[in-house]
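This report is meant for a reader who is meeting the structure for the first time. It goes through backbone features, packing, an annotated site and charged pairs in turn.

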Amino acid sequence: MSDYRFRILFVDDEEPILSALRRLMRRHDYDCWFATSGREGLAILEQNPIDLVISDMRMPEMDGAQFLSEVRKRWPFSVRFLMTGYADMSATIDALNQGGINRYVSKPWDDEALIEAIEEGLRIRKLERQKKRLIDQTREQNRELQDLNRDLEQRVHDRTRALESRTADLQKAFRQLENSYDSFVRVFSSVIASRPHLVKGRSREVADLARRIAQRLELDTARLRYVYYAALLHEVGKLSLNDDVLGRSETQLTYRDLAEYRQYPTLGEMALMPIKALRPCAELIRAHMENMDGTGYPDELAGEAIPQGARIIRVARDFVGQQTPLLRDPPVSPAEAFESMKERSGRFYDPEVLAALEPIVNQFTLEPQDDETGRMLPISELRPGMELTRDIVSANGILLMVKGTVLNDSAIKRLTRMSWEDRRHLKVSVTVPARDVHTNEE
């Protein structure tokens, strides 16, 4: 396994793009193939086992969505990336649905960020290979156990302990794969939030609050996860709306704007429904703007006809939204937001869900965009030991660092270089150690 070289296939109909990728990949220890069309890419896949496929979206004859869909059918264990731009967002959603892409990479790409994305994708492939090896080893050890003689009791004992150790490794591999899928949902949520002109609905805060409410209502693990994922992605349908509508809060929309805006729950369901694993989330997204009295949209459902998960997301979404320009101008405090929602209990909101929210109200603090503690800092003021409180996503839509990362000198240098290459004054949200705050005050 240590001598194994991962195999990567790049597909793009533009030769200059392939030439740039060839130059980039020469510096890295991978076996690479390059194809100028989907059909040529399929021919290469038929002759060579490929671990990761990176395809352009816009290509003649067979576009990226069609090509990755075929790859998914015939070589399901190959990791699939799509290269495109914001202008192709609807086509990107098609590729997500049809081709089951593992990652979205914008053009033009950043070399270092692209290599990091490739390494992350290959880690997923490596985990799958390890999982298969562990399963094969476990099966082999089971066969050995069946052949053991009753007189070899000590040997059975030793083998059983070895099997338990292998089983623990296998469970760990499964958990890592599950975490990789969770990371994909988070990355796609970050891509949604990075859309220009979008008045942010604070999906991360909505999802965290919805999960806490669901826990208080004692939802089982599977339903709790669907609620969390649906809350993270509840704004996905807004990607299909025009910038003029996206750029205004709900309080500023005209009657004509509202007719278009109210399509976003349905558009969100349509985007996710073809993905089997996300169908329960898609159903919650469609229903999250329904009212208890039947006056909501898009289906005018009422009471228990509205899925419980959708009722939870609605309460979390409006509680957070009233503390931002999305629903109130000027925004209000958590206590004021909750009192306002209590007045519409039973009409808009499920009283049981509001009751589960009430003990959390005084504990809830909306993460500030910029505050007096220096939480939002420019790159030049970052210091080792600071911890990220939000994901960092590049201008190309690539996840650079995840929330919770503790910065060191290497990470700060990388962010400095990325800020310079993106030609933007990047600020990041961090927790500042007490000693640093004291120093700054002095």
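## Backbone features in the loops

Glutamate 218 sits in the loop between H7 and H8, and its phi is near 60°, a positive value in a residue other than glycine. With a relative accessible area of 70%, glutamate 218 is exposed. The model described here is a predicted one, and the angles and areas in this report are computed from it.

Glutamate 61 also has a positive phi, of about 70°, although it is not a glycine. Its place is the loop between E3 and helix H3, the latter covering residues 64–74, and at 71% relative accessibility glutamate 61 counts as exposed.

Cis peptide bonds are the next backbone feature. One of them joins lysine 107 and proline 108, with omega at about -10°, and proline 108 belongs to the loop between strand E5 (103–106) and H5. Another cis bond runs from tyrosine 297 to proline 298, where omega is near 10°; proline 298 is found in the loop between H12 and H13.

In soluble globular proteins, nonpolar side chains tend to be buried together. In this model the largest nonpolar core has 48 residues, and those with the most contacts inside it are Leu209, Ile213, Leu272, Ile312, Val315, Phe319 and Leu357. The elements that give two or more residues to this core are H7, helix H8 (221–232), H12, helix H13 (308–321), helix H14 (334–342) and helix H15 (351–361). Apart from this core lies another, of 22 residues, among them Met25, Leu52, Trp109 and Leu122.

Leucine 272, one of the residues with the most contacts inside the largest core, touches Leu233, Val236, Leu278, Ala282 and Ile285 when residues up to four places away in sequence are not counted.

## Alanine 210 in helix H7

Which residues is alanine 210 in contact with, once its neighbours within four places in sequence are left aside? They are Val227, Ala231, Ile312 and Ala316. Alanine 210 itself is placed in helix H7, which covers residues 203–216, and at 0% relative accessibility it counts as buried. The C-alpha atoms of alanine 210 and alanine 316 are separated by 5.4 Å, while the two residues are 106 residues apart along the chain.

## An annotated aspartate

An unreviewed UniProt entry places the feature "modified residue: 4-aspartylphosphate" at Asp56. In the model, aspartate 56 lies in strand E3, which covers residues 52–56, and with a relative accessible area of 5% aspartate 56 is buried. Leaving aside neighbours within four places in sequence, aspartate 56 is in contact with Val11, Asp12, Asp13, Gly64, Leu82, Met83 and Lys107. Lys107, one of these contacts, is also the residue joined to proline 108 by a cis peptide bond.

## Salt bridges and cysteines

The count of salt bridges comes to 23. One of these pairs is arginine 414 with glutamate 116, whose closest N and O atoms are 2.5 Å apart. Arginine 414 lies in helix H16 (residues 409–422) and glutamate 116 in helix H5 (residues 111–147), so the pair ties together parts that are 298 residues apart in sequence. Arginine 414 is partly exposed, with a relative accessible area of 22%, and a network of salt bridges links Glu112, Glu116, Arg414 and Arg417.

Within helix H5, arginine 123 and glutamate 120 are 3 residues apart, which means that about one helical turn separates them; they form a salt bridge whose closest N and O atoms are 2.5 Å apart. Arginine 123 is partly exposed at 45% relative accessibility, and glutamate 120 is partly exposed at 27%. A further salt bridge joins arginine 286 and glutamate 269, with the closest N and O atoms 2.8 Å apart. Arginine 286 lies in helix H12 (residues 279–287) and glutamate 269 in helix H11 (residues 264–272), so this pair ties together parts that are 17 residues apart in sequence. Arginine 286 counts as partly exposed at 22% relative accessibility, whereas glutamate 269 is buried, with a relative accessible area of 15%.

For disulfides the count comes to 0. Among the cysteines, cysteine 32 is partly exposed, with a relative accessible area of 23%, while cysteine 281 counts as buried at 0% relative accessibility.

Terms used
Residues are numbered from 1 along each chain as its sequence is written. This is a predicted model: local features need pLDDT of at least 70, side-chain atom pairs count only at pLDDT 80 or more; totals for chains, interfaces and linings use all residues. Side-chain values use heavy atoms; hydrogens and water are left out. A salt bridge is a side-chain nitrogen of Lys or Arg within 4 Å of a carboxyl oxygen of Asp or Glu. Helices (H or I, at least four residues) and strands (E, at least two) are DSSP runs, numbered from the N terminus. Buried means under 20% relative accessible area, exposed over 50%, partly exposed in between (1.4 Å probe, protein chains only). Contact means heavy atoms within 4.5 Å. A disulfide is a pair of cysteine sulfur atoms within 2.5 Å. UniProt positions are given in the numbering used here, feature names are shortened, and annotations may be inferred rather than shown by experiment. A nonpolar core is a set of buried Ala, Val, Leu, Ile, Met, Phe, Trp, Tyr and Cys residues joined through side-chain atoms within 4.5 Å.
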